[in-house]
Amino acid sequence: MQLPSAADLNRAAAIFRALAHPHRVLLACCLANGRTATQAELLEELGWPQSTMARHLAALRDRGLIRGTRQGNHVLLELDGTVTPQLLAAVCAWVHPDTGDRFASAFPAVAGARP
């Protein structure tokens with residue numbers, strides 16, 4: 001077995017650090033299943049102060065877990081790549097085994113996955 005490189009290990013640790021805060025996990029869950037949303041929509045939905053939202057979005061964006069696409073005057077936020085939905089689905093299936101079907105539909109990339 002070939003061990004991961006130091007760069008790969010550092011990237012993995014950065015992803016876990018980004019998702020290590022409940023607010024950031026919630027933001028990622030809000031963008032599950034291909035949903036896009038603006039920061040204003042997320043602010044209204046979650047009721048957080050703008051500074052809190054900006055700080056947590058920046059942490060996710062800096063680690064490459066979400067991306068923003070400009071459309072007119074708005075930036076649509078969405079999950080970037082497959083790693084975030086896969087991690088969230090695995091964690092949700094483990095934390096909420098009795099509601100796995102609900103979470104599998106939110107994260108179709110790994111529907112039915114159980115850690």
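## Briefing on a predicted model

Q50 touches Q39 and L43, leaving aside residues up to four places away in sequence; contact means heavy atoms within 4.5 Å. This is a predicted model, in which local features need pLDDT of at least 70, side-chain atom pairs count only at pLDDT 80 or more, and totals for chains, interfaces and linings use all residues. Residues are numbered from 1 along each chain as its sequence is written, and side-chain values use heavy atoms, with hydrogens and water left out.

**Confidence**
- The protein has a mean pLDDT of 84, and 85% of its residues reach 70 or more; pLDDT is the predictor's confidence in each residue, from 0 to 100.
- Over residues 107–115 pLDDT stays under 50, and the model has 19 contacts for them beyond four places in sequence.

**Q50**
- Q50 lies in helix α4 (residues 50–62); helices (H or I, at least four residues) and strands (E, at least two) are DSSP runs, numbered from the N terminus.
- Q50 counts as partly exposed because its relative accessibility is 45%; buried means under 20% relative accessible area, exposed over 50%, and partly exposed in between (1.4 Å probe, protein chains only).
- From C-alpha to C-alpha, Q50 and Q39 are 8.7 Å apart in space, and they are 11 residues apart in sequence.

**Helix α2**
- R24, L27, A28 and C30 are the buried residues of α2.
- Seen down the axis of α2, these buried residues fall within an arc of 160 degrees, so they line one face of the helix; the arc is that of the directions from the helix axis to the C-beta atoms.
- The buried residues of α2 pack against α1 (6–18), α3, α4, β2 (74–79) and α5 (83–95).

**N33**
- N33 is in the loop between α2 (22–30) and α3 (39–46).
- N33 is not a glycine, yet has a positive phi of about 60 degrees.
- Most residues other than glycine have a negative phi.
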